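Dear colleague,

I am handing over the structure below, together with notes on what was found in it. Please read the notes with the model open beside you.

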Amino acid sequence: MLKNITLGQYFPGNSVIHRMDSRCKIILNVLFVIVLFIGRNFYALGLCALFVLFVYTLSGIKYRLIFKSLKPILPLIAFTGILNLFFIRGVVIDGIEPLPLWEWRFISIYPEGVYTSVFMVTRIVALIVGMSLLTYTTSPITLTDAIESLLSPLKKLKFPSHELAMMMTIALRYIPILIEETDKIMSAQKARGATLDSGGLFKRAKALIPIMVPLFVSAFKHANELALAMECRCYTGGNGRTRLRQLKTSYIDYIAVMFTLLLFGGVIAINIIMR
């Protein structure tokens with residue numbers, strides 16, 4: 001069900017990952033993405049996967065949430081795998097064409113296509129699972145303060161860093177709400193006799209219209225209520241605002257940076273050894 005999707009949700013806790021400085025977590029997430037795309041083989045991706053599982057263990061987040069975080073991107077994963085599977089051909093060596101593993105009419109599957117398909121799917125899964133941990137262990141308010149703090153040097157260029165951070169955090173915060181609204185609308189339509197899971201592609205696409213219209217109405221309603229609530233609290237932007245909790249780094253953040261740098265060095269070493 002859509003209500004089981006965990007994208008953008010926050011799970012309160014008191015683990016070492018929860019207590020980390022949110023600015024450090026954002027920077028380490030960016031570094032983790034770089035490490036993933038630097039890795040050129042399965043050994044490097046395997047090291048990244050072990051690192052992610054280790055961090056999940058420290059955070060106290062249940063492993064079943066890993067599978068839930070992948071639900072929204074299953075179509076993207078399948079599409080990426082199919083594209084690489086059918087459109088990646090082998091390398092021509094000395095004028096010799098590679099032999100396909102399977103061939104039917106104009107469709108061919110080569111060993112390089114299978115390897116690339118599995119490699120890209122593994123990389124995307126590791127990317128989504130690793131990035132999901134940021135929202136799982138960081139509250140929306142703390143995340144807003146961290147993004148604003150990281151973008152604060154741009155204030156000298158009249159860049160609206162606070163407003164941008166606020167918009168990004170609100171967007172993340174409303175993902176679970178919109179997913180829940182979609183699930184309710186779909187259940188209501190099915191109770192009225194709507195068939196959403198049967199028929200061809202065009203029939204299913206047409207059946208989405210009774211869902212999208214009330215969903216957009218609900219989204220605009222939530223936006224209007226949020227704007228009204230912010231106005232009632234005299235919200236005028238980031239000028240002169242103070243924070244209840246100040247962001248501070250601790251020894252936990254330095255240890256996390258050290259482990260991430262070790263991961264970075266390990267991936268580079270694997271690339272050099274397995275060249």
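At 63% relative accessibility F87 counts as exposed, on a scale where buried means under 20% relative accessible area, exposed over 50% and partly exposed in between, with a 1.4 Å probe and protein chains only. F87 and I109 are 22 residues apart in sequence, and their C-alpha atoms are 8.0 Å apart in space.

Please keep in mind that this is a predicted model, in which local features need pLDDT of at least 70 and side-chain atom pairs count only at pLDDT 80 or more, while totals for chains, interfaces and linings use all residues. Residues are numbered from 1 along each chain as its sequence is written, and side-chain values use heavy atoms, with hydrogens and water left out.

On the overall layout, the secondary structure of the chain comes to 10 helices and 2 strands, and from the N terminus on the elements run α-α-α-α-β-β-α-α-α-α-α-α. Of the 275 residues in the chain, 35% are buried. Among the contacts in the chain (heavy atoms within 4.5 Å) with a separation of 6 or more, 75% come from residues 24 or more positions apart.

Helix α4 covers residues 74-87, and L74 lies in it; at 48% relative accessibility, L74 counts as partly exposed.

Next comes a pair of packed helices. Helix α6 (residues 140-151) and helix α7 (residues 161-191) pack at an angle of about 145 degrees, and their axes are 8 Å apart; the axes are lines fitted to C-alpha atoms, for helices over the stretch in contact, and angles run from 0 to 180 degrees between N-to-C directions. The crossing in which α6 passes α7 is right-handed, a crossing being left-handed if the near helix is turned anticlockwise from the far one by less than a right angle, and right-handed if clockwise. On the α6 side the contact is made by P140, L143, T144, I147, E148 and L151, and on the α7 side by S161, H162, L164, A165, M166, M168, T169, L172 and R173. These residues divide into 9 nonpolar, 4 polar and 2 charged, where Ala, Val, Leu, Ile, Met, Phe, Trp, Tyr, Cys and Pro count as nonpolar, Asp, Glu, Lys and Arg as charged, and the others, Gly among them, as polar.

Helix α7 also holds D183, which at 10% relative accessibility counts as buried. The C-alpha atoms of D183 and I211, 28 residues apart along the chain, are separated by 9.5 Å.

As for the aromatic rings, the count comes to 6 aromatic pairs, with rings of Phe, Tyr and Trp (its six-membered ring) paired if their centres lie within 6.5 Å, and planes under 30 degrees apart counted as stacked, over 60 as edge-to-face and the rest as tilted. One of these pairs is F32 with F51, which is stacked, at 6.4 Å centre to centre and 25 degrees between the planes. F32 lies in helix α1 (residues 22-38) and F51 in helix α2 (residues 42-59), so the pair ties together parts that are 19 residues apart in sequence. Both F32 and F51 are buried.

Another pair is F42 with Y115, whose ring centres are 5.1 Å apart and whose planes stand at 85 degrees, so this pair is edge-to-face. F42 in helix α2 and Y115 in helix α5 (residues 111-136) are 73 residues apart, and the pair thus links distant parts of the chain. F42 is partly exposed at 31% relative accessibility, and Y115 is partly exposed at 41%. Ring pairs link F42, Y115 and F119 into a cluster.

Finally, the structure holds 2 salt bridges, each a side-chain nitrogen of Lys or Arg within 4 Å of a carboxyl oxygen of Asp or Glu. In one of them the side chains of R23 and D21 meet at 2.7 Å, N to O, and D21 is buried, with a relative accessible area of 4%. In the other, the side chains of E180 and K184 meet at 3.7 Å, N to O.

With kind regards

Key
Helices (H or I, at least four residues) and strands (E, at least two) are DSSP runs, numbered from the N terminus.
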